[in-house]
Amino acid sequence: MKRLYILRHAKAASPENTQDFDRPLATQGQEDAAALGKLIAKQSYMPGTVLCSTAKRTRETLEALALPASTKIEYLEKIYDAAASDLLEMIQSTDDSAQSILLVGHNPAIHELALRLASEDSGLSLLQRLLQGYSPATLSVLDVPCKCWNDIQLGENFLINLLAPLDYNSPDRPTRWM
C-alpha cells in the first residue's frame, strides 16, 4: 500500500504588476502552510517524495511545511497548468521506491484529481466535504492499494483524511467567513 498526499498551495497574494506564476503567498497563506506543516509532522504524514509546481506560491507553501531535509523534492514546471490527467501521469511515472508522494499544485486540476482518485468507500462525510470544494492549503490523504505507482486507478483509493485551513488553523473568531 502506498500513500498519496494532494495539496493545493496556500492562499496567494495578488500584488499589482505581478504575473500569476510569480504570485507569492499572502500572510494568511504563510500562516496556514506553517500550521499545516506542524499538523503533518504531528500526524506523521511525511512524504518520501514531493512533486511541486515551480510557481512561487507552491514553492513557498512547500517551504513553509518545513519537511525533513531527507525528503526528495522534484520541482516540475508542467504541474502549473496541468490537467488532472497530466497530474495522474506524473504520479504514475514516479519511482516505485517512493512509498508516499506529496503533490503540490493548483486548482482546478488538484481538486479534480482528488475527486477522481477517491473511492466511494472512503466515507460519506469526507467525500461530501471533498465535493464542496478545495480551498487553498487543503490536503487530501489517500491510501493507494498498489505496489507500483503506475498501477494507481481512479476511484479505488481510500480518502482517509481531508484537511482544510479551518480544520487546523481556525481563528478564535471566524473572521474569514465575514
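Arg57 is buried, with a relative accessible area of 4%. The model described here is predicted.

**Salt bridges**

Arg57 takes part in a salt bridge with Asp20, the side chains meeting at 3.1 Å, N to O. This pair links distant parts of the chain: Asp20 lies in the loop between E1 and helix H1 (27-43), Arg57 lies in helix H2, and 37 residues separate them. Asp20 also meets the side chain of Arg23 in a salt bridge, at 2.9 Å, N to O. Through shared partners, Asp20, Arg23 and Arg57 are joined into one network.

Another salt bridge is formed by Glu74 and Lys72. Glu74 is partly exposed, with a relative accessible area of 28%, and Lys72 is partly exposed as well, at 45%. Over the whole structure, a search finds six salt bridges, including those in the table. In general, side chains of opposite charge can pair when their charged atoms come close.

| Salt bridge | N to O distance |
|---|---|
| Arg23 and Asp20 | 2.9 Å |
| Asp20 and Arg57 | 3.1 Å |
| Glu74 and Lys72 | 3.7 Å |

**Helix H2 and Thr58**

Helix H2 spans residues 56-65 and contains Thr58. Thr58 is buried, with a relative accessible area of 0%. Setting aside neighbours within four places in sequence, the contacts of Thr58 are His9, Cys52, Ser53, Val104, Gly105 and His106.

**The sheet**

Six strands form an open sheet with mixed pairing, in the order E3-E2-E4-E1-E5-E6. Strand E3 (72-76) and E6 are the edge strands, each pairing on one side only. From one strand to the next, the twist averages 15°. As a general point, strands of a sheet pair through backbone hydrogen bonds, either parallel or antiparallel.

E1 and E4 pair in the parallel sense, over six bridges. Leu7 stands opposite Val104 in E4. Helix H4 packs on the sheet and touches E1, E4 and E5, its direction making about 150° with that of E1.

**Nonpolar cores**

The largest nonpolar core has 31 residues, and those touching the most other members are Leu4, Ile6, Leu87, Ile91, Leu103, Leu113 and Leu117. At least two residues of this core come from each of strand E1 (2-8), helix H3 (84-92), strand E4 (100-105), helix H4 (109-117), helix H5 (124-131), strand E5 (139-144) and strand E6 (158-163). A second, separate core holds 22 residues, among them Leu36, Tyr45, Val50 and Leu67.

Leu4, listed above for the largest core, has contacts beyond its neighbours within four places in sequence: Ile91, Ile101, Leu117, Ser140, Val141, Leu142, Val144, Trp149 and Ile152.

**Helix H5**

The buried residues of H5 are Leu126, Leu127 and Leu130. Seen down the helix axis, these buried residues fall within an arc of 95°, so they line one face of H5. They pack against H4, E5 and E6. On the other side of H5, Leu124, Ser125 and Leu131 are exposed. Just after H5, Gly133 takes a positive phi of about 140°.

Note on methods: Residues numbered from 1 in each chain as written. Predicted model: local features only at pLDDT ≥ 70, side-chain atom pairs only at ≥ 80, totals over all residues. Heavy atoms only, no water. Helix = DSSP H or I, 4+ residues; strand = E, 2+ residues; numbered from the N terminus. Buried < 20%, exposed > 50% of the residue type's maximum accessible area, 1.4 Å probe, protein only. Contact = heavy atoms within 4.5 Å. Core = buried A, V, L, I, M, F, W, Y, C linked by side-chain atoms within 4.5 Å. Pairing = 2+ DSSP bridges. Axes fitted to C-alpha atoms, helices over the stretch in contact; angles between N-to-C directions. Arc of directions from axis to C-beta. Salt bridge = Lys/Arg side-chain N within 4 Å of Asp/Glu carboxyl O.
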